[in-house]
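Subject: Structure handover

Hi,

Here is the structure we talked about. Please load it first; my notes on what turned up follow below.

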Amino acid sequence: MKLDSAGKKIVVFSDVHNEFHKTKKIIESEKADYNVCLGDWFDSFFYDNTYNYKQTAEYLVNEFLPKDNNITLYGNHDLHYLFNNKYTMCSGYEKRKQDAINEVLEGVVILNKFKWYIWIDNFLCTHAGLHGNFIDPMCKTNDDIDSFLEKEARRADSFLITERVHWFWGAGKSRGGGYKQGGIVWLDFNDEFEPVDGLNQIVGHTNQRTNGCAWVFADNSDNYCIDCFQNQYMVIENKAIKIKNYIDL
């Protein structure tokens, strides 16, 4: 999927982790043409009561996903609740949370609403980032990368439901996994991310705590990490990026 910000306003935020009240305020305040979440709706250190998981699932099903201009990607903390695949399990998972989420999601078709990646202008948006080591060496342009990811996404969809391993949800060594670098839902921005020549990226996943959004600019690559408890988020209009503060709303 590709979004063009020409004449449009696109809001990008990440890592909700049950704090959907912030999500709602951002969306209601910005009144954007598109609202894009980079994943991780569930699991929280702060809003961790069972009812918080039910409330988050209800917000997803009843308010966020039904609107065509709202888009969400898979995060690692979404995959282990949405699929019965042992290879997607990560810290934070608990059966009580699963049961609360299932109570809301039972009989509701939402998986077609989640995406692995999205392009906004010439920025690739994934939950955690794409490391060059995973890209097919035959890819020479961003269009080639898009075709490569589209093919891999189809494989990942199949592997999810057949309980197999795919590099998309493989964790890197810095996160306790077996890969040198993590896949697009696991790549650590601080310890594993490296700019890919000619590829701009917007990611979440690696919490920047009190520092707000982080970025890595290379000669031919601009890269942003916007995982910061939604204390900051991104607004893209007419190809221009602005980082905004939640506290200013």
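The count comes to 18 salt bridges. Keep in mind that this is a predicted model.

K24 forms a salt bridge with E63, with the closest N and O atoms 3.7 Å apart. K24 sits in helix α1 and E63 in helix α2, so this pair ties together parts 39 residues apart in sequence. K24 counts as partly exposed, at 25% relative accessibility. E63 is also partly exposed, at 35%.

D48 and K97 make another salt bridge, 3.4 Å from N to O. D48 is in the loop between β3 and α2, K97 is in helix α4, and 49 residues separate them. D48 is partly exposed at 24% relative accessibility. K97 is buried, at 3%. Both belong to a network of salt bridges that links D43, D48, E94, R96 and K97.

D121 and K239 also pair, at 3.2 Å from N to O. D121 lies in the loop between β6 and β7, and K239 in the loop between β11 (232-237) and β12 (240-245), so the pair ties together parts 118 residues apart in sequence.

Which charged residue is buried yet has no salt bridge? That is E192, and the nearest side chain of opposite charge, R175, is 6.4 Å away. E192 does have a polar contact of 2.6 Å with the side chain of S174. E192 is located in the loop between α5 (142-161) and β8 (200-203). Its contacts include H131, K180, W186 and L187.

α5 has 20 residues and spans 29 Å from first C-alpha to last, close to the expected 28 Å. Its buried residues include I145, F148, L149, E152 and F159. Seen down the axis, the buried residues of α5 fall within an arc of 160°, so they line one face of the helix. D143, R154 and I161 are exposed on the other side. The buried residues pack against β1 (2-3), α3 (76-82), β6 (118-120) and β7 (123-125). Just after α5, E163 takes a positive phi of about 55°.

Helix α2 (residues 50-64) has 15 residues and reaches 20 Å, close to the expected 21 Å. Among its buried residues are Y53, Y59, L60 and F64. The partners of the buried residues of α2 include α1 (20-30), β3 (34-37) and α4 (95-105).

Best wishes

Key. Residues numbered from 1 in each chain as written. Predicted model: local features only at pLDDT ≥ 70, side-chain atom pairs only at ≥ 80, totals over all residues. Heavy atoms only, no water. Helix = DSSP H or I, 4+ residues; strand = E, 2+ residues; numbered from the N terminus. Buried < 20%, exposed > 50% of the residue type's maximum accessible area, 1.4 Å probe, protein only. Lys, Arg positive; Asp, Glu negative; His and termini not counted. Salt bridge = Lys/Arg side-chain N within 4 Å of Asp/Glu carboxyl O. Polar contact = N/O pair within 3.5 Å; in protein donor to acceptor, adjacent residues only side chain to side chain. Contact = heavy atoms within 4.5 Å. Expected span 1.5 Å × (residues − 1). Arc of directions from axis to C-beta. Lists of a residue's contacts leave out its neighbours within four places in sequence.
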